Amino acid sequence: MDNYAIADNFSLLAKLMDIHGDNSFKAKSYSSAAFTIEKLTSPLSELPADKIFSIRGIGDAIGKKIVEQLETGQLTILNEYLAKTPPGILEMLGIKGIGPKKIATIWKELEIETLGELLYACNENRLTLYKGFGEKTQKNIKESIEFYMGNQGSYLYAEVIQHAERTQQLLERAFPDDQWILTGDLRRQLETIDKLEWVTTASAEKIIQRLENTRTQDITVTTIGSKEIDRTVNEQHFEILHSSPELLEISAKGTAQNILFRFHLSTKESFYSNLFRTSCSPEFLEAWTKEHSLAPSFESEEAIFAAAGIQPIPAFLREDASRIAEAKQQQLPQVIQPEDIKGIIHCHSNWSDGVHTLEFMAQSAKSQNLQYLVISDHSKTAFYANGLNEERIAAQHKQVDELNARLAPFRIYKSIESDILNDGSLDYSDEILASFDLVIASIHSNLKMTEEKAMMRLLKAIENPYTSILGHMTGRLLLSRNGYPVDHKKIIDACAANDVVIELNAHPRRLDIDWRWIGYALERNVLISIDPDAHAIEGFADCRYGVLVAQKAGLTPQQNLSSFSLEAFDTFVQKQQQKRK
């Protein structure tokens with residue numbers, strides 16, 4: 001091992017000891033040793049042991065650890081710390097603006113263990129509630145994480161859609177004589193994307209030549225992150241991964257999104273066959289090709305369905321082969337559209353951890369022609385989110401009454417996102433729960449559970465007569481945190497039995513319930529509620545991402561609670577209150 005590797009080990013050890021809150025004197029000594037070793041002019045590997053122990057600043061304990069590394073290539077104490085430190089905590093050490101002390105707070109007090117969770121906490125304005133984290137610090141951490149995650153290769157749909165659409169426009173301008181249509185996972189509206197795909201009549205040679213003669217910033221656009229990211233797009237960073245008459249793959253390195261571009265090269269005759277083929281799931285495509293021809297010459301995708309004598313199936317429904325049978329019977333669902341959202345359910349104001357005042361959020365919703373807003377700030381157990389105690393609930397309800405008198409016919413409904421505790425109970429008395437128009441029950445703490453434990457908590461909360469909506473069922477954060485293990489069917493069956501609505505949390509990092517289980521919920525006549533979980537008025541727009549994945553499940557407006565008119569929603573609230581008696 002060279003000096004730099006040994007110094008890095010000591011430096012990392014010191015940071016990990018600080019994160020774990022262990023002996024600060026020892027941590028400083030390891031940090032000091034790292035500094036000393038980096039400045040040495042002679043390689044430690046060439047020095048006899050007695051010379052190593054005599055180096056100023058290297059005592060007996062550290063000297064022995066240097067010898068251990070030279071002889072074994074390992075540092076046992078460091079390995080022990082690495083073994084008890086979650087990988088996400090180690091990743092945080094690479095994020096600008098987060099030192100060991102701040103990481104300790106994030107891990108121990110916020111119970112956050114991954115960068116995705118930390119980014120989500122920044123978006124919820126949660127870091128500012130802790131000592132040492134002001135708004136500027138939170139903003140810098142958020143941008144640093146976005147920059148880091150922007151070079152990992154997989155993205156949320158919401159992170160790449162604008163980038164994809166902008167690139168589409170630029171390609172169309174650069175190649176005006178060729179056809180370009182986005183396809184693949186993005187066209188199917190999947191929640192995570194690892195490549196952007198196009199079907200095009202342009203040749204590989206034309207595309208490569210254009211890229212070689214064009215600055216990167218001319219064909220890409222930054223959609224996430226900071227000015228620091230903007231500056232990275234000034235140089236060419238394209239790598240041709242594969243080129244053939246049928247397929248061109250290009251890695252767009254160093255751009256705002258370090259994402260793979262895949263071009264399906266087509267003739268004019270094969271264009272729509274290739275578009276169809278590349279925007280189906282493997283299961284759907286296999287079922288289709290068993291029954292129908294995909295001859296190369298079609299004038300449109302509609303012509304492909306017309307030739308088969310069936311109703312056109314949009315790309316977002318080309319997942320389950322059963323859709324083919326529905327299309328034969330002209331029975332495809334009239335799926336929900338973004339404009340079908342009539343109210344904002346599940347949002348947080350500055351009463352808890354939101355950015356804006358309740359009045360501002362209500363006024364903003366009203367100005368967007370929405371009919372109602374369900375204010376559901378965090379409950380008292382969520383102390384990390386400034387959750388509401390009983391006194392503050394009474395004060396908020398008084399403000400809601402005053403605002404409703406002024407904003408009518410627009411309506412604010414009194415709600416709470418009540419924490420599901422370890423034993424499955426909600427964190428208020430029945431008397432307090434009865435003061436809300438409806439209650440959203442969610443798990444926020446102790447997420448590392450067995451399926452047995454998770455199911456106990458969830459089922460008990462669902463059976464509570466005050467629970468109206470089950471919030472983000474599995475607690476997952478896409479690309480960041482797996483949800484706790486659950487039996488989806490049992491939960492859905494319990495919601496059906498107890499007249500509980502299941503939330504489709506529309507935040508693009510959640511999208512929980514997973515759309516793949518919505519079909520079963522609809523079979524059991526369980527309502528879905530597309531909710532933004534908004535912590536600022538900008539979050540209202542996240543409903544769109546919930547709608548997009550709900551379309552994949554065939555959800556209709558009638559099956560979505562947040563599509564109910566004010567009158568219908570009022571009836572729903574009255575029915576929920578009858579359940580409590």
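Tutor: In the lining of the largest cavity, helix 24 holds the largest share, with three residues. The model is a predicted one, and the values that follow are computed from it. Helix 24 covers residues 543-552, and together with helix 10, residues 157-174, it makes up the elements that give two or more residues to this lining. The residues that line the largest cavity are Tyr157, Ala158, Gln189, Leu190, Glu191, Pro508, Leu511, Tyr545, Leu548 and Val549. Sorted by class, eight of the lining residues are nonpolar, one is polar and one is charged. The volume of the largest cavity is about 60 Å³. A search of the whole structure finds two cavities of 30 Å³ or more.

Helix 1 spans residues 3-20 and helix 5 spans residues 76-83; their axes come within 10 Å and cross at roughly 45 degrees. Because of this angle, helix 1 is oblique to helix 5. The crossing of these two helices, helix 1 and helix 5, is left-handed. On the side of helix 1, the contact is made by Asn9, Leu12, Leu13, Leu16, Met17 and His20, while helix 5 contributes Ile77, Leu78, Tyr81 and Leu82. By class, this contact of helix 1 with helix 5 has eight nonpolar residues, two polar ones and no charged ones.

Helix 1 also packs with helix 7, which comprises residues 100-108; the angle is about 40 degrees and the axes are 8 Å apart. Helix 1 is therefore oblique to helix 7. Here the crossing, that of helix 1 and helix 7, is right-handed. Helix 1 takes part in this contact through Lys15, Asp18, Ile19 and His20, and helix 7 through Pro100, Lys101, Ile103, Ala104, Trp107 and Lys108. The classes in the contact of helix 1 with helix 7 are five nonpolar, one polar and four charged residues.

To draw the two contacts together, His20 of helix 1 takes part in the contact with helix 5 and also in the contact with helix 7. The contact with helix 5 has no charged residues, whereas the contact with helix 7 has four.

Definitions and conventions. Residues numbered from 1 in each chain as written. Predicted model: local features only at pLDDT ≥ 70, side-chain atom pairs only at ≥ 80, totals over all residues. Heavy atoms only, no water. Axes fitted to C-alpha atoms, helices over the stretch in contact; angles between N-to-C directions. Helix = DSSP H or I, 4+ residues; strand = E, 2+ residues; numbered from the N terminus. Parallel < 35°, antiparallel > 145°, perpendicular 65-115°, else oblique. Left-handed = near helix turned anticlockwise from the far one by under 90°. Contact = heavy atoms within 4.5 Å. Nonpolar A, V, L, I, M, F, W, Y, C, P; charged D, E, K, R; others polar. 1 Å grid on protein atoms, 1.4 Å probe; cavity = no way out; pocket = protein on both sides within 12 Å on 5 of 7 lines; lining within 4 Å. Points joined across faces, edges and corners; volume = space filled by probe spheres on them.
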